[in-house]
Amino acid sequence: MQFVKNGEQVKHLFKQLYGSVTLSQVSRYNQLIKWFNDSFGGEGCYICSSSGRVELVGNHTDHNGGRVMGCTVNLDILAGFMPTDDNTVVIKSKGYKDISFTLDEIDLKEVNSADMAKGVLKGFAERGYAIGGFKVCMTSTVAGGAGISSSAAYELLIGQIVNNLYNEGKVTPEELAQIGQFSENVYFNKPCGLLDQSVIALGGVVELDFKDGLQSKHVECDMSKYNLVLVDTGGSHANLTEHYAAIPQEMKAVANYLGVNRLIEVDSSVFFAKYDEIVEKVGLRPALRAKHFYEENQRVDNAALSLEKGDWKKFIEIINQSGQSSLTQLQNCSYPGGDTLIPDALELTSKLNPTGATRVHGGGFAGTILNIVDRNLAEEFVSKLEEVYGKDKVFLLKVRSVGTMVL
């Protein structure tokens, strides 16, 4: 870790993180460093950046050992930090109450953002890694509730700080992701998978395979010709836990009928040969959801290959197929109770973006949709959606090429 970087180094880093160097980003960094110095004294600090993420394709496949492709984006939590010598952790975050605790208190759980930091420290300790105190000031452009995993970005930020201060940076991105998942599962009572943390830790466009633990592969591609646009449709995730849980449960019911625990353990040819029997014995919706699983896995592989070849026409086609499958087979686009916020948004964006792609993003039922839009058409597309949903509900994003890192 270094305090000082020259102009060319800064320019290169900003291009990796945000796609370009802008005065607003430079000002943001300068303000953060000033805030840290005013808060804690001293003449500088280390800087860490941890981004949000987007799931490109692979909707609801990870929990049954499937494949997913996601990418990091140019919105991040930015932190100035330094070690403490008294085992105290002090976290200042714009818009939130200050957090302070000692390492002796990391076993105390209160189910809040302090607990996520405690959970990361506990995860390091349980794996035999060193831990210590630190002080940090952080500011974020990763909007909460936008479906880009602000909590996972926070967990990875804390993990990378501890990794660099006390473990010489030797903890791998994959293990940092697992520590983040541990924190969220055990300390925040949220039964998340490993998708969000893995994409954020690894960075860039990545294909993840959950068949045997976690296998990852960076997808070499140029995403600069297209923008990602997320739209918050306004639906609430409250009271949807049972609907999210039903998806893996029904997929696993099909797997159990076929004699295994997860769908990935049965070849797709066996599933399709017994499809009618599964519809009769397990049910139509579980069968359709399992069908989505097998076809979506193949779409992930095909999408990665298309990106590597630069075949954008094929890639767009695949993402639209994924969206249609989520709507009709996975059935996670309609809000229980009759609201049609996501289907309505998908219909609107398909009309406004006929040469691009649109699909539900993440868990579904409520929340966001993902659009892939030609860069030259993106601003007009965003403007029209802002008229419908509001400026704070439409997010124009670029792909970030690196994961959580200390600059």
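The sulfur of Cys 71 lies 8.5 Å from the closest cysteine sulfur, that of Cys 221, which is too far for a bond. This is a predicted model, in which local features need pLDDT of at least 70 and side-chain atom pairs count only at pLDDT 80 or more, while totals for chains, interfaces and linings use all residues. Residues are numbered from 1 along each chain as its sequence is written, and side-chain values use heavy atoms, with hydrogens and water left out.

A disulfide is a covalent bond between the sulfur atoms of two cysteines. With a disulfide taken as a pair of cysteine sulfur atoms within 2.5 Å, the structure holds zero of them. For Cys 48, the closest cysteine sulfur belongs to Cys 45 and is 11 Å away, too far for a bond. Cys 48 counts as buried (under 20% relative accessible area, with a 1.4 Å probe and protein chains only), because its relative accessibility is 0%. Cys 71 is likewise buried, at 0%.

Attention now turns to a pocket. A pocket is an open set of points on a 1 Å grid over the protein atoms alone, where a 1.4 Å probe fits, with protein on both sides within 12 Å along at least five of seven lines; lining residues have an atom within 4 Å of a point. The second largest pocket holds about 790 Å³ of space, the volume being that filled by probe spheres set on the points. It is lined by 31 residues, and Tyr 18, Gly 19, Lys 398, Val 399 and Arg 400 are the closest to its centre.

Conventions. Buried < 20%, exposed > 50% of the residue type's maximum accessible area, 1.4 Å probe, protein only.
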